[in-house]
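Visitor: I am new to this structure and would like to understand how its features receive their names. May I put some questions to you?

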Amino acid sequence: MDYTPRPGDSEGLLVTEGQEVEVIDSSRAHKWRVRLRQDGTEGTVPSCYLEKKTTVTPPISPQLDPKTQATRARREKVLQELIESEEAFARDMQFVVNNYIKEMESKTMPKELRDYKDVLFTNFKAISEFHNNVLMKGIQYYADDPARLGKTFLRLERDFDMHVSYCRDEPEAQALLQSGPLKEYFDEFSKKIQDEKSLSEHLKLPIQRISDYQLLLKELIKYTARLKENTADLEKAHDFMQAIPQRIADLQYINSIQGYKGNLHKLGRILKHDWFEVTDGNNLRRERFVFLFKGRIFITDHKRVGTSRSIYLVKYVIKLPDVEIVDNADDDELKLRFQSLKSGVSGFPLTLKSKTMEQKEDWLNAIQVSSGPLAEDLADDELDQIEEQSTKIEELYSKHETKVEVVEDFDAYEEMHTVITESVRSGSLTSLEDFHSALEDETSLCLTASDMESGGPGRPRFTVPLRAQTCAEGLEVVLECEVCASPDATVAWLKDNAPLATSKRAILEADGGKHRLLIKKSECSDSGLYTIIASNVHGTTSCSAPLTVSSAPDTVPVASPDGSSVPYGPIFKEKLRNFELQQGTDFRVCVIVDGEPKPDVKFYKDDKEIGTVGRVRYNQENKECYELIIDNVMSEDAGKYSCVANSSAGQNVTSCD
């Protein structure tokens with residue numbers, strides 16, 4: 001239909017039906033600015049006069065290579081399968097979160113079963129959120145460019161650390177569901193919600209998905225290569241996915257490296273590890289086990305502890321950005337020499353001699369790729385501190401070698417030492433002297449936890465954790481717990497994160513998996529945070545609770561002459577106080593508050609209210625006692641905690657850091 005502008009419309013453009021125009025501005029709903037394709041004349045035309053030109057795609061020319069078309073179609077099919085299977089996987093994961101995890105967070109479930117939540121589901125919920133909210137969007141973003149799909153996986157590489165941890169811990173969760181009350185409960189629950197799969201099958205989902213990625217990426221690489229398109233990112237993503245099982249073993253290596261001042265987990269994954277002949281600046285030659293991280297080489301002294309456990313004491317750390325690498329050192333084609341760019345650095349130059357040329361070339365290539373600087377660089381005196389730390393730890397192991405041999409479960413005992421050593425790193429134990437004390441006191445620290453109604457082999461589990469205790473001075477007090485372990489676990493007690501010294505008043509008792517600390521004629525000095533650490537060859541777990549011994553008598557409520565209560569504001573008989581906690585510990589602390597009328601009590605962390613469900617929560621034990629609970633303490637839990645008691649008679653607050 002033709003359009004003729006009205007008289008006086010200087011911006012209007014005369015157009016006739018069939019003319020082609022280019023839209024320049026469509027911001028005004030009813031009148032668009034256009035340009036004539038024929039001569040470039042511009043003007044405005046009512047949008048109702050314009051119709052978008054429809055492009056008819058011509059049929060595929062029969063002259064195009066039919067093999068190429070078939071290959072492209074097969075790749076599209078693989079890509080579609082990746083997207084659809086990711087959507088189905090994300091839905092299945094969210095189903096578990098919305099049903100099984102929600103059930104385990106509900107108070108309708110018996111508390112003795114709810115206490116297994118962290119062991120059973122570990123970080124399942126976080127993995128579900130990652131796939132639903134992050135990875136799915138990345139896969140969909142590159143749906144039209146399969147050759148670049150690998151970028152999504154590479155960009156999110158560190159997020160897959162969650163999967164590494166999950167794969168490591170999943171066997172312990174499966175052991176819980178082999179038999180016993182937890183299996184029976186969830187079997188019934190599956191029937192109740194008409195779920196055809198068992199919880200045990202659901203827990204395998206994240207592991208199975210890693211295998212799916214490996215197969216699908218391999219297929220995408222095959223068809224993309226046939227189309228002669230770039231496969232570099234896809235190949236890197238495939239290698240990364242295949243390396244996830246190896247990264248589980250890397251975690252075990254990292255947990256066995258001792259004597260390093262920093263946080264090994266911040267260095268990322270282990271890129272390579274192998275034996276080398278190492279010569280230091282004093283011309284001392286030794287066989288050393290060497291680890292390569294991004295930007296770092298760790299030279300360690302390997303020591304076997306017991307029959308199946310190894311530790312790696314750090315002797316030297318090479319910061320790759322701070323050294324010059326000399327190939328074929330001393331005219332030996334097997335040698336690499338690392339010369340510090342700074343003068344006076346202890347131990348340098350360091351020379352690594354490989355066993356074969358293949359080993360040297362492989363390492364040299366990996367070192368060149370990983371030589372970029374790190375944000376986590378330590379101070380210049382790092383090597384001196386590491387050398388001193390390593391020497392002290394080595395002396396301690398050597399000094400206590402004969403004493404350790406008399407312990408029945410040596411591996412579990414050594415695992416307990418590792419916990420204490422890691423506490424030195426994190427600051428929970430403040431010095432190597434504390435570590436020394438732990439070794440000196442092992443006869444009083446260590447007991448054995450027996451295999452109770454075992455849910456199968458795995459890391460020890462506290463079926464009954466320690467609970468906060470408050471008593472008056474002079475009374476007898478008992479801290480007790482129950483631990484389930486298969487094989488048997490070694491148990492160590494700490495007070496205020498230092499090894500507990502037993503005495504005639506403080507007595508440790510064990511009966512199978514039941515453990516008790518009996519304190520006779522309690523004193524105010526007995527107040528503190530008590531921790532019990534249980535370890536066996538499968539791992540370590542712990543829980544903590546405070547003990548408060550008070551010399552002050554309980555507050556007696558004021559009463560009127562006729563015996564009725566007189567209103568008074570909230571009074572904290574037991575207050576919060578500062579604690580320093582070990583990561584991974586289960587922590588409980590109680591406050592006791594009285595008042596007339598009975599106050600409303602709430603807990604806060606950094607002024608944000610804490611609820612009655614979740615990993616950090618509180619629970620009302622009775623009309624006066626409220627318990628703050630933190631399961632599996634993490635670094636992010638550090639902060640200011642407050643308990644606020646409110647009533648019509650007033651307000652009171654107790655806080656701790």
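Visitor: Which residues do ring pairs link into a cluster?

Guide: In this predicted model, the cluster consists of Phe95, Tyr100, Tyr185, Phe186 and Phe189, joined by ring pairs. The whole structure holds 23 aromatic pairs.

Visitor: What makes the aromatic pair of tyrosine 253 and phenylalanine 289 stacked?

Guide: The ring centres lie 6.0 Å apart and the planes are at 25 degrees. Tyrosine 253 belongs to helix α11 and phenylalanine 289 to strand β6, so the pair ties together parts 36 residues apart in sequence.

Visitor: Why is the pair of phenylalanine 289 and phenylalanine 291 called edge-to-face?

Guide: Here the centres are 5.1 Å apart and the planes stand at 70 degrees. Planes over 60 degrees apart count as edge-to-face, and therefore this pair does.

Visitor: How do you know whether phenylalanine 289 counts as buried or exposed?

Guide: Its relative accessibility is 7%. Buried means under 20%, so phenylalanine 289 is buried. Phenylalanine 291 is buried as well.

Visitor: Why does tryptophan 275 count as partly exposed?

Guide: Tryptophan 275 has 30% relative accessibility, which falls between the limits of 20% and 50%, so the term applies. This residue is found in strand β5. Setting aside neighbours within four places in sequence, tryptophan 275 is in contact with several residues, including Phe289, His302 and Lys355.

How values were computed:
Residues numbered from 1 in each chain as written. Predicted model: local features only at pLDDT ≥ 70, side-chain atom pairs only at ≥ 80, totals over all residues. Heavy atoms only, no water. Helix = DSSP H or I, 4+ residues; strand = E, 2+ residues; numbered from the N terminus. Buried < 20%, exposed > 50% of the residue type's maximum accessible area, 1.4 Å probe, protein only. Contact = heavy atoms within 4.5 Å. Phe/Tyr/Trp six-rings, centres within 6.5 Å; stacked < 30°, edge-to-face > 60°.
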